[in-house]
Amino acid sequence: MLRRHGSVLLVVVLALIIGPQLSFADSYNFNLIPADGNVAGPAGSIVGWGYSITNQSSQYWLVTVGLSADPFQHGTPNAIFDFPDLAPGDNATENFDPNGPTGLYELTWDSDAPLGFVNSGMFTLSAQWWTGDPLNGGTYVMDAPDTMQAYSASVSGTSTPEPTSLLLLVSGVSCIAAWTKRTRAR
């Protein structure tokens, strides 16, 4: 009989510890701008993503605390995310602007990045729930679930064509011939 009561007590304790986290129904939306997550630009250019985040909770503040991305090749990535804190029902939207820089992430393609090359992966946003403004007396409640968005960046556009060696040879010979003719005419 004692063993049975011990098992019931263990179930009750576990329900009290785990139950609130399982029943926590607040959520948030994290989306990329552009919505499909696809950006493109020529080698040597800067491309990037903006973001939109909506706190769907009616009672808790959403505090963004982390952003990560899968690895990039043929370019230099830079996180430009401003980590907004959002009141219940609030949202934040930031378009990508390389001059700011503002947005979520930017990628500077290497000047020799191959035409048609594609980087693809996931951005992962981490956040927390707070009872109020974290900068004005709010209290941490718990971690919010991580949210992921797929991205892709491709090298596009036309590269500046290099002149062929025959064209260079003909241009050089023409210049020398014109110079020689002009020199003899004096």
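Predicted model: local features only at pLDDT ≥ 70, side-chain atom pairs only at ≥ 80, totals over all residues.
**Aromatic rings**

I began with the ring pairs and found that they link Trp49, Phe72, Tyr105, Phe123 and Tyr151 into a cluster; rings of Phe, Tyr and Trp (its six-membered ring) pair if their centres lie within 6.5 Å, and planes under 30 degrees apart count as stacked, over 60 as edge-to-face and the rest as tilted. Residues are numbered from 1 along each chain as its sequence is written, and side-chain values use heavy atoms, with hydrogens and water left out.

By the ring rule I have 12 aromatic pairs.

I then looked at Phe72 and Tyr105, whose ring centres are 6.0 Å apart and whose planes stand at 25 degrees, so the pair is stacked. Phe72 is in the loop between β4 and β5 (75–79) and Tyr105 in strand β8, 33 residues apart, and the pair thus links distant parts of the chain. The relative accessible area of Phe72 is 13%, so Phe72 is buried, and Tyr105 is buried at 11%.

**The core**

Next I looked up the largest nonpolar core, which has 30 residues, with Tyr28, Phe30, Trp49, Ile53, Leu104 and Phe123 having the most contacts inside it; such a core is a set of buried Ala, Val, Leu, Ile, Met, Phe, Trp, Tyr and Cys residues joined through side-chain atoms within 4.5 Å. Strands β1 (28–33), β3, β4 (61–69), β8 (105–109), β9 (118–130) and β10 each supply at least two residues of this core, and β10 gives the most, with five residues. As background, nonpolar side chains in soluble globular proteins tend to be buried together.

For Phe30 I listed the contacts (heavy atoms within 4.5 Å) beyond four places in sequence, and they are with Tyr51, Ser52, Ile53, Leu104, Phe123, Leu125, Thr147 and Gln149.

**Asn55**

Which strand holds Asn55? I found Asn55 in strand β3, residues 46–55, and at a relative accessible area of 1% Asn55 is buried. The side chain of Asn55 reaches the backbone nitrogen of Ser57 at 2.9 Å, and a polar atom of that side chain lies 2.9 Å from the backbone oxygen of Tyr60. Among the residues in contact with Asn55, leaving aside neighbours within four places, are Ser27, Tyr28, Trp61, Asp90 and Trp129.

**The sheet**

I traced an open sheet of five strands in the order β2-β10-β9-β4-β6, with mixed pairing; two strands pair if DSSP finds at least two bridges between them. The edge strands are β2 (38–41) and β6 (85–86), each of which pairs on one side only. Strand β2 runs parallel to β10 (residues 140–155) and is joined to β10 by four bridges, with Val39 opposite Ala153.

Also in β10 is Asp143, which counts as partly exposed at 46% relative accessibility and touches Ala127, Gln128 and Trp129 when residues up to four places away in sequence are not counted.

**Backbone points**

I checked the backbone with one reminder in mind, that most residues other than glycine have a negative phi and most peptide bonds are trans. The bond from Ile33 to Pro34 is cis, with omega near 5 degrees, and Pro34 is in the loop between β1 and β2. The bond from Gly100 to Pro101 is cis too, with omega near -20 degrees. His74, not a glycine, has a positive phi of about 60 degrees and lies in the loop between β4 and β5.

**Whole chain**

Last, I noted two helices and 10 strands in the protein, and that 33% of its 186 residues count as buried.

How values were computed:
Buried < 20%, exposed > 50% of the residue type's maximum accessible area, 1.4 Å probe, protein only. Polar contact = N/O pair within 3.5 Å; in protein donor to acceptor, adjacent residues only side chain to side chain.
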